Amino acid sequence: MNMILSNPDYDSTNLEEFKNIWVFCEQRGGQMMPTTYELISEGRKLADQLGVKLCGLLLGENVDGLAKDLGGYGADEVILCEHPLLKTYTTDAYAKVICDTISWMKPEVFLIGATNIGRDLGPRCAARLHTGLCADCTHLDIDLDLYKAFLHEASTLPAERIDGLGTAKVLGKDHDISRDLKMTRPAFGGNLMASIICPRFRPAMATVRPGVLKKAAYDEAKAKAISVTRFSVELSEDDLATEVLEVVKAAKKLVDLVGADYVVSVGRGISTDVEGGIKLAEELADVLGGVVGGSRVAIDSGWLTSDHQVGQTGKTVHPKVYVALGISGSIQHQAGMKESECIVAVNKNEGAPIFDIADYGICGDLFKVTPMLIEAVKAAKAAK
Amino acid sequence: MKILVCVKQVPDTSGKIAVNPDGTLNRASMQTIINPDDMNAVEAALKLKDETGCPVYAVTMGPPPAESMLRELMAMGCDGSYLVSGREFGGSDTYATSQILAAALDTIGIEEDDILFCGRQAIDGDTAQVGPQIAEKLHIPQVTYAADIHKDGNTVTVRRMLEDGYMTIKVKTPCLITCIKELNTPRYMSVAGIFGAWQRPMTVLDYEALKDNALIDKSTIGLSGSPTNILTSFTPPQKGAGRMLEGNNMATCEKLASILAEKHYL
């Protein structure tokens with residue numbers, strides 16, 4: 001494996017050499033991952049805040065056709081790296097090409113979707129480039145006033161503390177944070193949030209949770225205006241210590257929790273009758289036009305497959321209505337669902353934390369309440 | 001051939017968490033557990049030991065009380081353990097942590113057919129960064145999200161999970177593999193193991209022991225060697241207290257359905 005950067009003079013501490021915002025455009029089998037467009041949309045805003053270009057970094061084989069849509073969501077330029085060894089993702093090949101590209105072209109911010117592949121790639125690249133990486137971000141800012149406005153709304157920090165932000169103590173010195181990427185993420189299951197900066201190294205790197213940032217409107221004119229720069233890829237079999245023998249798509253259609261308008265989730269409360277509990281959740285989800293999710297307990301106990309998991313270790317959902325059946329509402333679960341527009345909770349335990357964040361709570365046995373709720377929702381929908 | 005497993009003692013976030021007035025986590029008041037994904041890494045290692053007879057060593061970075069966790073892991077079957085501990089290492093972010101752990105692993109010595117295991121991620125930070133960064137620092141390949149592992153000579157075949165399926169990856173040793181819970185069910189400690197745990201060696205690697213390793217440099221470890229800094233940490237505002245509906249009968253459900261309809265949620 002060759003892990004030496006192709007630019008021997010690369011120095012991640014020469015901050016002034018770094019410019020522009022980059023987004024890693026993850027494709028699998030020639031299909032763009034949806035989270036890429038979320039990142040491009042967000043990257044556009046950040047690039048405008050800095051007054052710099054937004055570039056998409058696209059790796060693969062025969063993927064130039066994907067460039068146009070990246071423009072449509074806001075990219076100015078696509079940096080295209082094509083090579084037969086980039087057709088299927090391998091850590092070795094992708095990390096090498098990305099790090100080499102960055103070592104020559106020096107972006108100041110590099111964003112990656114926090115998919116299983118993004119979370120494999122991001123730390124490897126950050127370590128090679130000697131820079132900081134913030135994992136699984138849920139909010140990004142550069143402009144200081146926008147960041148302060150975000151804190152006023154999303155934090156319980158005292159207003160005067162927020163208004164006074166402008167510098168951070170870095171190695172004992174005051175560092176001006178106005179041009180730094182402020183990367184906010186949940187820590188400890190979302191009970192605590194932290195904003196991270198990478199003040200001394202570039203690029204500032206972040207992986208961003210899929211489904212959290214909003215996709216912009218597609219701009220046909222911008223799509224047509226996209227400029228494509230080809231980066232010449234130096235890659236050989238010797239650079240790879242891994243070999244992908246096969247890529248298998250799950251036969252079962254996976255549940256689309258992130259895009260669902262209605263999610264009905266089950267937790268420990270169904271343990272007395274797992275099958276019956278899941279059946280009720282499915283019926284309610286059907287009536288609402290949604291899908292079934294589960295808490296960590298439901299997945300760890302094997303009641304539902306992991307694609308159903310809502311929470312810090314699962315997916316983040318923001319449906320119109322989230323129904324929690326027999327879920328106590330641990331912080332780790334809340335991290336994945338509290339942004340739902342309307343939260344309904346059914347739980348036997350009056351003191352369950354889920355009731356603290358539920359818009360509407362019913363204290364009762366889910367096996368008795370849910371069938372009635374199904375009937376009531378049916379009736380209400382029929383009456384419309 | 002030997003196996004090195006990186007583990008972390010973490011606060012149990014499934015219970016109540018305690019937050020200091022300044023917004024940082026009050027670790028002292030919380031129960032600690034072995035990070036759940038790391039248990040799967042340990043089990044993967046012990047399974048390979050069952051098959052091949054190779055020794056397994058647990059490695060952790062943490063404060064001295066982490067010794068209790070290492071004793072537990074030796075009671076499960078690990079042959080020895082290393083506690084990487086030192087004031088100089090405090091305040092490390094993931095970059096600096098992996099730098100230190102890589103130096104420790106390099107000091108222990110990694111040979112041609114060794115395998116390193118880590119858990120996918122720790123529940124306190126949920127970053128999943130330290131495993132890949134150790135692999136990078138050691139210049140060895142990585143496979144993350146492993147749900148199935150087979151060793152054959154100097155290659156390992158791994159089923160690596162994706163959101164929408166999986167990849168089967170063949171990797172040469174030495175390599176680093178991060179494990180997910182689908183991989184296996186961790187075993188319990190045995191009575192004989194608990195007795196034996198106190199006879200098995202636990203080596204402390206402090207700054208003095210590691211400082212001459214090429215990977216260790218004062219400027220890349222601890223708080224001052226961490227590329228990232230915490231700008232603010234804060235608690236989100238509590239959502240306005242919700243409304244408990246009265247009763248749990250048909251009338252309650254009808255009330256709820258009518259509210260949802262009124263608010264155009266249906």
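**Exercise 1.** Which residue in β17(A) is the bridge partner of Val266(A)?

*Solution.* The model is a predicted one. Begin with the two strands: β16 of chain A covers residues 262-266 and pairs with β17(A) in the parallel sense, over four bridges. Within this pairing, the partner of Val266(A) is Gly294(A). Then turn to the helix that packs on the sheet: α8 (residues 274-288) of chain A touches β16, β17 and β18 of chain A. The direction of α8(A) makes about 170 degrees with that of β16(A).

**Exercise 2.** State the order of the strands in the open sheet of six strands, and identify the edge strands.

*Solution.* The order is β17(A)-β16(A)-β18(A)-β19(A)-β20(A)-β13(B), with parallel pairing. The edge strands are β17 (291-294) of chain A and β13 of chain B, since each pairs on one side only. Helix α12 (residues 366-383) of chain A lies across β18, β19 and β20 of chain A, at about 135 degrees to β19(A).

**Exercise 3.** Describe how chain B touches chain A.

*Solution.* Start with the counts: 69 residues of chain B are in contact with 82 residues of chain A. On the chain B side, α7(B) gives the most, with 10 residues. By class, that side has 32 nonpolar, 25 polar and 12 charged residues. Next, consider the strands: β12 (residues 192-197) of chain A is joined to β12(B) by five bridges, and the two run antiparallel. Here Ser195(A) stands opposite Thr232(B).

Note on methods: Residues are numbered from 1 along each chain as its sequence is written. Chains are lettered from A and ligands numbered from 1 in the order in which they are written. This is a predicted model: local features need pLDDT of at least 70, side-chain atom pairs count only at pLDDT 80 or more; totals for chains, interfaces and linings use all residues. Two residues are in contact if their C-beta atoms, placed from the backbone, lie within 7 Å. Ala, Val, Leu, Ile, Met, Phe, Trp, Tyr, Cys and Pro count as nonpolar, Asp, Glu, Lys and Arg as charged, and the others, Gly among them, as polar. Two strands pair if DSSP finds at least two bridges between them. Axes are lines fitted to C-alpha atoms, for helices over the stretch in contact, and angles run from 0 to 180 degrees between N-to-C directions.
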